[in-house]
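Here are my notes on the model, as numbered points. Have the structure open while you go through them.

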Amino acid sequence: MTLTQKETSLLKDLKSQEQLCVEKYNKYSADARNPQLKTIFSEIAQTEQQHYQTLSQIEGGTIPQVGGGNSAQQTTPCTQSNYAEQDKQKDKFFCQDMLTTEKHASSLYDTSIFEFKDVGLRNVLNHLQKEEQGHGEQIYSFMSKNGMYS
């Protein structure tokens with residue numbers, strides 16, 4: 001499989017975005033005050049690392065197989081937590097930043113899906129985009145249940 005110059009450029013952008021997501025989720029997982037949020041961020045970081053690897057496979061000329069299950073499946077149920085207001089504000093900042101990051105990542109995937117000529121690659125990118133949307137849903141759910149989303 002030969003990628004066009006535009007496809008190659010888009011893959012580099014997507015990989016850069018995924019690497020940023022991995023780094024931010026790992027940092028925020030370590031710094032979050034709420035144990036449930038730490039787990040959510042840690043699990044999402046692992047998925048983002050898989051996205052990066054998938055994009056690397058595409059860059060190498062392979063159309064990877066992606067799971068057929070529910071891409072937006074939430075692995076960590078969100079429940080309301082009680083913790084100090086200062087800690088809650090710190091976690092709220094992390095959530096807001098990651099929700100914005102997920103919106104940007106989803107937008108990059110949206111553009112890329114329309115720019116790739118191979119249907120198989122578009123399907124892979126669509127799958128990854130749905131997972132990004134699922135990450136946003138997890139963060140929103142946590143924020144909503146903890147009075148962080150207005």
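1. Start just after α4, where glycine 147 has a positive phi of about 65°. Helices here are DSSP runs of H or I with at least four residues, numbered from the N terminus. The model is predicted, so local features need pLDDT of at least 70, side-chain atom pairs count only at pLDDT 80 or more, and totals for chains, interfaces and linings use all residues. Numbering runs from 1 along each chain as its sequence is written, and side-chain values use heavy atoms, with hydrogens and water left out.

2. α4 itself covers residues 119-145, and its 27 residues reach 39 Å from first C-alpha to last, close to the expected 39 Å (1.5 Å times one less than the number of residues).

3. Now the salt bridges (a side-chain nitrogen of Lys or Arg within 4 Å of a carboxyl oxygen of Asp or Glu): the count is five. One of them joins glutamate 59 to lysine 15 at 2.6 Å. Glutamate 59 sits in α2 and lysine 15 in α1, so the pair links parts 44 residues apart in sequence. Lysine 15 is buried at 13% relative accessibility (buried is under 20%, exposed over 50%, partly exposed in between, with a 1.4 Å probe and protein chains only), whereas glutamate 59 is partly exposed at 32%.

4. Aspartate 97 and lysine 24 also pair, at 3.0 Å, N to O. Aspartate 97 belongs to α3 and lysine 24 to α1, so this bridge ties together parts 73 residues apart in sequence. Lysine 24 is buried, at 17%.

Terms used:
Helix = DSSP H or I, 4+ residues; strand = E, 2+ residues; numbered from the N terminus.
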